Amino acid sequence: VLLRNELQKALETNQFTVYYQPLVDAVSGKIRSVEALVRWNHPERGMVSPGDFIPLAESTGQIIPLGQWVLKHACQEIARLNENSERMLPVAVNISSLQFLREDFLANVDKALEESGLPPQFLELEVTESVLLDGAEPVIALMQSLNKRGIHVAIDDFGTGFSSLSYLRDLPTHKVKLDRSFINKTLTDRRTAAIVQGVITMAHHMDMVVVAEGIETVEEQNDLVRRNCDLLQGYRFSKPVPLEVLKALPDRLP
Ligand code: G
Ligand code: G
Ligand code: MN
Ligand code: NA
């Protein structure tokens, strides 16, 4: 397959880069953390979105070296950013279920932290509910080990997988990210609004932080603030941007 070979070449010749998207405090608009999002800077096609190559990388296994590269690179860039700034930002890295469930994952996380000097409290991992496909026990054990190091795990795209309330109860996680497919329907669909409000209330009763993804308008922002959502992320505040642009963002958005 051409793309598979291209992906291999891209890994060997460093065609990937990491963009960062801020998460802001719902009340103050202050930037609280950033999410690392990989981009493929393809020699002919330009910036290729991960939606177009992550599924391929997952099917070929190339997600393992790619995911490890993103983890290492994001830790290094954010560690350096934090060294040279009074603003200390944690970085959240998306981890494929395949990568998360590998035996060497924890060792690779430790290595990325050690090599970069990023304190573990400044790393967060985002996993989706699909990580639970083969059972919750190994996932719970790994999250406990990560938590012991001070590394938090967030449930990404929450509500789109096979969300089970018992998973939400049993996983030692501190953050849920409501998928953007809910956020852009909250204003127009009562049933969506009920789910969003219900998840926020439930998560707060479990001492979890709730993030709304895909906030694009001030109306969506106001609605989620009114519903007591903790953190907001989306084009309304900033697109994912290169490190240089991130550096220049003001402390408060928009
Ligand atoms: O940045 P964008 O919205 O195009 O990302 C599309 C999808 O790719 C999202 O679901 C996002 O979680 C995923 N993604 C982005 N970067 C990474 C990464 O480094 N690793 C993994 N596993 N997924 C990523
Ligand atoms: O699955 P995950 O949540 O990691 O995906 C994040 C993806 O969502 C990224 O590809 C990012 O580019 C995209 N994204 C971030 N903010 C917005 C937004 O406000 N609107 C839309 N449509 N996409 C967004
Ligand atoms: Mn994510
Ligand atoms: Na998401």
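Predicted model: local features only at pLDDT ≥ 70, side-chain atom pairs only at ≥ 80, totals over all residues.
Which exposed residues does α6 carry on the face turned away from its buried side?

**Stop 1: helix α6.** Select residues 137-149. This helix has 13 residues, and the distance from its first C-alpha to its last is 19 Å, close to the 18 Å expected at 1.5 Å a residue. Now show the side chains of Val139, Leu142, Met143 and Leu146, which are buried. Looking down the axis of α6, you will see that the buried residues line one face, because they fall within an arc of 100 degrees.

Next, turn to the face pointing away from that buried side: the exposed residues there are Glu137, Ala141, Gln144 and Lys148.

**Stop 2: what α6 packs against.** Then pick Gly150, which follows α6 and has a positive phi, near 95 degrees.

**Stop 3: ligand 1.** Select ligand 1 and its surroundings: Leu37, Val38, Ser49, Pro50, Gly51, Ile54, Gly67, Val70, Asn94, Ile95, Ser96 and Pro240. Colour β2 (31-42) and α3 (63-83), each of which supplies at least two residues of this shell. By residue class, the shell around ligand 1 holds seven nonpolar, five polar and no charged residues.

**Stop 4: ligand 2.** Move to ligand 2, which is surrounded by 13 residues.

Technical notes:
Residues numbered from 1 in each chain as written. Chains lettered and ligands numbered in written order. Near = placed C-beta within 6 Å. Helix = DSSP H or I, 4+ residues; strand = E, 2+ residues; numbered from the N terminus. Nonpolar A, V, L, I, M, F, W, Y, C, P; charged D, E, K, R; others polar. Expected span 1.5 Å × (residues − 1). Buried ≥ 20, exposed ≤ 12 C-beta atoms within 10 Å, placed from the backbone. Arc of directions from axis to C-beta.
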